[in-house]
Every structure is written in C-alpha cells, then in structure tokens.
Amino acid sequence: MFKLSAPQDGGLKIKTVGKIDLEAINQSTRPKKKSKEEKKKEREAKEQQRQQQRQQFKENLMKEIKPGEGGQQSGEPRKKNRVRIGGEKVDLSKADSYGQNQRDGDNRGGQQGRGAQNDSRGGRNSKDHRFNKADRNDFSNDDVNRQIKDTFSSFQKGKTKSSKYRKDKREAVQMRQMEALEQEMAESKVLKLTEFVTANELATMMNIPVTQVIGTCMSVGIMVSINQRLDAETINIVADEYGFTTDFVSAEVAQQISEEADREEDLVPRAPIVTVMGHVDHGKTSLLDYIRKSNVIAGEAGGITQHIGAYNVKLEDGRHITFLDTPGHEAFTAMRARGAQVTDIAIIIVAADDNVMPQTKEAIAHATAANVPIVFAINKVDKPAADPERIKQELAQMNFLVEDWGGKYQSQDISAKKGMGVPELMEKVLLEAEMLDLKANPNRNATGTIIESSLDKGRGYIATVLVSNGTLKMGDIVIAGTSWGKVKAMFNERNQKLKSAAPAEPVLILGLNGAPQAGVTFHVVESEREAREITGKREQLAREQGVRTAQTLTLDELGRRIKMGDFHELNLIVKADVDGSVEALGDSLIKLSTDNVKVNVIHKAVGAISESDVSLAAASNAIIIGFDVRPSGAAKRMAEQNDVDIRIYSIIYDAIDEVKAAMEGLLAPKIKEEVTATVEVMDVFHISKVGMVAGCRVRDGKVTRSDKARLIRDGIVIHTGDINALKHFKDDVKEVPAGMECGMSLVSYNDIKVGDIIETFTTTEEKQKL
C-alpha cells in the first residue's frame, strides 16, 4: 500500500501570469460569413480579372507575332530582341560565366555586339530566314486569329498519347451503347409469335387495348372477338398498322400435316352445312325443333340456347342437311363467328314483331365476312303485331335487298311454331346448295372442325366434330390442337352409336386425352407416334406463347394505378361444361373491366371444379365461376376450409349480372353532402361545466340534433364537428325550424364569436355504378 501525503501548506502554489480569452480568439480567427451581394461582387471581380488576363495574353501574343505593328508605337525606341538560348544543351556549371557574358554583351550595345554575342554562344544567326523583315510583313489577321485559336485549343485539349487513348476509349464505349440501344429498340418492334394467336394475346404483345385490334380488323372487313384466333395475314395487317413486324416461329408446325389435293373423279356430292343465326328469342331453335320433330328447347336452361349444336336432318325426299344452331346472346360472338366459318349456307332469322337487333347485324357481318350465301327467314308472321315488310325495309337500309324487293338475297316468311313456310324455306336452302355444287372425297382420312368439347364424368373428354372431308371411322387416331386420341366410340346427336361418319356429318367422339378448343381443325394421322410428336411441339409452342403474352406489372401500369388511387382487381376462375361456353363467359367477363376495377380471368378450362382450382383460387384470392358444372366433394370441403367463393350458374345472364354487382361492391361509396340549415350566431354565453353556448337564429332550413355543424368565420371554415346540445329557451329539442331562435354548443370546441355562421349538414353514402 502506498499513501500519498498532502502538502502541508494545503495545496500547490500557482502563479497566474495572464489570461487567454479563447472565445475572443475563436471569434476573431473564424472568417465572417459573406452576404449574397459580397459573393456576387467577388464573382464579378474574378470574372473581370479573368477577362483582363485573356486580353493581355492576346496582346502579348500579337506583339510576339507582329512586333512591328502591335508592339511598337510611333516615336518609341525599338525594344531589344529577347536573347534566346540555342538548340545546344546549357552547362549549369558555367551559369555564372554565362550570366556575366550576357551582361557584358548588353553593356557593349549595338547590333554588332549583339550579333557577336549570339555567334559566340552558338545562338541564332541574324541571317535566319524565320526572322527576316519581309516575312514579318507577310502575316495577316487570319493568320493571327488562327494562331490564337490553336493556342487556346492546345490549352483545352490534351496533347499526350494517354489522353488521346482515353478519349478514343470513351468514344468507343459510347458507340457500343448507342448501337445496343438501337438494336434493343429495333427488337422491341418485332413480334415473335405463333400463328393463330387470339386478338387479346396480340393486343397484349403490342401493349395496346384489345378494342383497337378489333377496330383495325373491322376496318378491313374482318369481324373478330377477343378470344378469336387470327390467321397470319390478319396478324401482319394489324401489326403493320401499329408499326410492328412479325416473326412466326411456328409456321413449320402449323403446316406439319400436309393434305393432298383430291382428284376430280374421286369427289362425290355431299350434304350442305347450314347455320341458323339471329338474335335471342327470334326462333332459331324453334325452327330446328319443327324440322327435327323433337323438343330441343326443353333441354336448354331458360329456353335459351347456351351451346352450339349440330344436327343431321333427313328430308322427305331423302336428301340430308346438316344444321348448326348458334346462341343469340351477345356473349356468344365467338360461337357465331365459328359457326359462320364452317358453314356453307347461313339462315338469318328475324322476328317479324321485332326489329333487326344488334346480334342479328353481327351475324350478318360474320356470314358476309366468311363469304357465305345468306337466306333470310322472317319468323313469327302469325302474330298480330307482325310486319314482315318493315323487316325487309330495315334490311334494305343495310344494303341487303331481298328478291321480293328486286335484290339477290332469298327470303321466306315462316312461323316456326306452326310450320308455316318451313318447306319453302328448305327448298330455297337446297337451291342455294345446288348452285354451290358441294362435293367431297369420302375415301380418304377425315378432316373437319371441332364444334364443341366437354368433360363427362363417366366417359371422359367428349368432342363434337363436323367432318368436312373424308370418312371418320372407329379406331382412327385424331389430333386436334394440343389434344390427340384414338376414337373409341362415336354417337350422333340422338346418342345413337355409329361406326363411321361421312362428309358433312356431325358426330360425338370419345377417346381424346383433353378438351380441344372449339373451332380448331382436326386431322386423322397414321400412327400414335406421329400424333405425339405433333401435339408435343404444339404444347411447347403454346407454353412459349403463354410466357410471351403473360401480363406483368410494369412501372407505367403501377404509376397509373397510384394516380388512379381507388383501383381494384377481381380475379376469376371460369369452369364450364363445354369449351364454347368457357370462351363466351370469359369473353364477357373481361369486357366488364373499367378504369377503377379490372377483371382478370386467371384460369379457364372445361370440366368440373376440382381441388386444384380451389388451391389456385385460394393462392390468388379469386372467385370460381362455374357454368353448368358442379364442384366435387373434396373440392367443396377444401373451398369451405379456405373460404373460397364458388358461384354456380346455368344462364349466362345471371353470371354476368352477379359479377358486375361484385365489381360495384369493390368500389368505395361516394359521400354525398346535403346542407340542412344556415344559422347565425347572435350572442355567446359562457356556462360553467358546459363551455361556450351560442345564441343563434335559424336563417333558413331546419336544424336537427343529429346533424353535423360547420363553423364559418369571414367566409373561411374554422371547425367541423358534431352538435353537442340544441335548446329552444330552456328545453332540449330535436329540431328547430327557420326563423326560430335556439341555443347551440359544439362538441369539443368553444371558440365561437358573435357574427359567426354555423352551417348544418348531413352526409349519405351513395353506391357507385359501373
């Protein structure tokens, strides 16, 4: 242990010599802040000094180049030339003697002394041609300006090899970046796509609204819908319209199945294919019902055709006609277009007690675009309000003159319920068929069109096909789109088994491994290996096309949504019994999208609602829409566990209306405000435990206790809140009419003055409509 002893005198004696004021030193050494005016004057002084230096440098340079003109004034003695050291090296050890010799030469003076001095040092000769007087007079102002320009440029640009190398390297990098940018811009205008993409996919790849693609097609006379597939020529026309070029990557796959041309001697007459088209409830199915002598309407939900049907009818004279019945609802545009593409003759039905409706005009446009002969059937002529002449007049206004009015289109007044005029209509249809001279070769592999496809729980995938050429037999290997299979069974429209199907005959086939898309062409191939190879390549191209057309959230789209503010999305999964209904329902739901609510059909397929559909809906927060299908037991239990909403419909009207109502529910209600009264503050009273109470008079309207109040002072809103108390004299009242006096206090607000205006109002929520 060490112990320090304290000094005996009680502490150290410190002698104070002086004091240093650190604050004063800091304040004196710290520079003062300059004002804006001082900074400005300093900048102007520096700029002026810089200009003077430049001017002085220019004058010195001109004196050096033209000493006779710029450097010597009249009457002044001529200045001596500067003594320049020669090209030899200078010996630093003899620097003193060198300086002494120079001073001696200067003292001697005269031109001879200077020349002798220059000669002794190995300097310039007086006879040097660069300094002749004649040469000095040859300089011009252009030479002076050029010299000045070169001198300034030498200050700004580096003269070394390294600076030049760095400059060349920077320029090379900039050139490469510019070339890469130009190449990227050029590639962005090239559409790499497969043939027969839909109009919606084409619009997505070009980043334009699908309505513009449809409008462009209509301008060239092609009627298309959102999900209708376009051929290569149409795609090129639309892409060229918006400045894009096309690169078809699947042309070789689309043409992989080659068809041989039929010889004339192998062709035999075939039955005509007739499509019945028109508006809803104008009698299309009723006409087929009478022709087939069966009640087809009884099997349709709500008496409305929901699917496209194919029927083969044998007339009394033994001749056959194949009829296609298409839906008339506006949602089934793709079905009507598909019916017009595979048909030979179109029957357009118009009700005599109605007008030529938009769906009728659309059906006429589809038939005209497909270059199909048209026969008009004016139905319901037996009704009292029927006026067939008015229908013919409306058709004439559309440039469709019937034969009765001197035109080229045949027409027949009929009554589908009673059968009036139906035989005459059939005669006119057969007359058109004879003029077309329809023939086919039954002794070859079959080709045709998929009319509908569906998934049956007991029989698997079913496809309704219409044979256009050749004969379809049991055991044939069929490919349609990305689906293929061996024909295990065939049935007609009455569910009777068949062993073969001749040209222009519709049949229902079993055995495919999937539900092909309605409207695609089917072919019969020789082996299963060939079918697998072709469908495999098509599936690969379909996946590539799906990747290309996948919609991603871009910065522009995100900015648009943020700017919109109130933006919502409604994700849907559509399942239906047949492919045509899937297309029609998905098509109609996408059209419901608005600026504030967007409908996304994230998945659509044929068949019952499965567990995978419920899993997808739970992951993407989607609603499942089922059309004539039901969920399985496991899917229903899974949906209840994950709170997935499944909606089942049988009529397309109900599905569209309910989805539209759900979209309106996503929109925030509008707050509507209504002013109920205007009150003037006449006096202000302070009441203990209550606060400030305003003595008021109601100018107009009626004040209600439940209203909200807005305090206005000098035209400016000071406070907005609820009414705390409302009294008439000493009584609490619920309302005070105009012209009466009252006492009023506001909730949590006491700053009320005489002359203020209190405006009472009510707010109501108003539901937004799409």
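Does Glu741 count as buried, partly exposed or exposed, and at what relative accessibility? Glu741 counts as partly exposed, with 43% relative accessibility; partly exposed lies between buried, under 20% relative accessible area, and exposed, over 50% (1.4 Å probe, protein chains only).

## Model and conventions

This is a predicted model, in which local features need pLDDT of at least 70, side-chain atom pairs count only at pLDDT 80 or more, and totals for chains, interfaces and linings use all residues. Residues are numbered from 1 along each chain as its sequence is written, and side-chain values use heavy atoms, with hydrogens and water left out.

The chain contains 22 helices and 31 strands. Helices (H or I, at least four residues) and strands (E, at least two) are DSSP runs numbered from the N terminus. Of the 770 residues of the chain, 38% count as buried. Contact means heavy atoms within 4.5 Å. Among contacts in the chain with a separation of 6 or more, 70% come from residues 24 or more positions apart.

## Two single residues

Glu741 lies in strand 30 (residues 741-746). Leaving out residues up to four places away in sequence, Glu741 touches Cys696, Arg697, His728 and Val736. The C-alpha atoms of Glu741 and Val698 are separated by 6.3 Å, although these residues are 43 apart along the chain.

Thr234 belongs to helix 10 (residues 232-241). Thr234 is buried, with a relative accessible area of 7%. With residues up to four places away in sequence not counted, Thr234 touches Cys217 and Ile222.

## The largest nonpolar core

A nonpolar core is a set of buried Ala, Val, Leu, Ile, Met, Phe, Trp, Tyr and Cys residues joined through side-chain atoms within 4.5 Å. The largest one has 23 residues, and those with the most contacts inside it are Val274, Leu287, Ile291, Ile321, Phe323, Ile347 and Leu425. Two or more residues each come from strand 4 (273-278), helix 12 (284-292), strand 5 (309-314), strand 6 (320-325), strand 7 (345-351), strand 8 (374-379) and helix 16 (422-436). Helix 16 gives the most to this core, with six residues.

## Strand 4

Six of the six residues of strand 4 are buried, so strand 4 is largely enclosed by the rest of the structure. Ile273, Thr275 and Met277 point one way from the strand, whereas Val274, Val276 and Gly278 point the other way. In a regular strand the side chains alternate between the two faces of the sheet.

Strands count as paired if DSSP finds at least two bridges between them. Strand 4 runs parallel to strand 6, with four bridges joining them, and Val276 stands opposite Asp325 in strand 6. Strand 4 also pairs with strand 7 in the parallel sense, over five bridges. In that pairing Val274 stands opposite Ile345 in strand 7.

## Helix 16

Helix 16 has 15 residues and reaches 21 Å from its first C-alpha to its last, close to the 21 Å expected at 1.5 Å a residue; the expected span is 1.5 Å times one less than the number of residues. Its buried residues are Val422, Leu425, Met426, Val429, Leu430, Glu432 and Ala433. They cover an arc of only 155 degrees around the axis, which puts them on the same side of helix 16; the arc is that of the directions from the helix axis to the C-beta atoms.

These buried residues of helix 16 pack against strand 4, helix 12, strand 6, strand 7, strand 8 and strand 9 (410-413). The face of helix 16 turned away from the buried side carries the exposed residues Glu434 and Met435. Asp437 follows helix 16 and has a positive phi, near 55 degrees.

Four strands form an open parallel sheet in the order 21-20-22-23. Strand 21 (597-606) and strand 23 (646-649) are the edge strands, each pairing on one side only. The twist averages 25 degrees from one strand to the next. Strand 22 (residues 623-627) pairs with strand 23 over four bridges, and Ile625 stands opposite Arg647 in strand 23.

Helix 19 (residues 579-591) lies across strand 20 (568-576), strand 21 and strand 22, at about 175 degrees to strand 21. Helix 20 (residues 611-620) packs on the sheet, touching strand 20, strand 21, strand 22 and strand 23, and its direction makes about 175 degrees with that of strand 20. Axes are lines fitted to C-alpha atoms, for helices over the stretch in contact, and angles run from 0 to 180 degrees between N-to-C directions.
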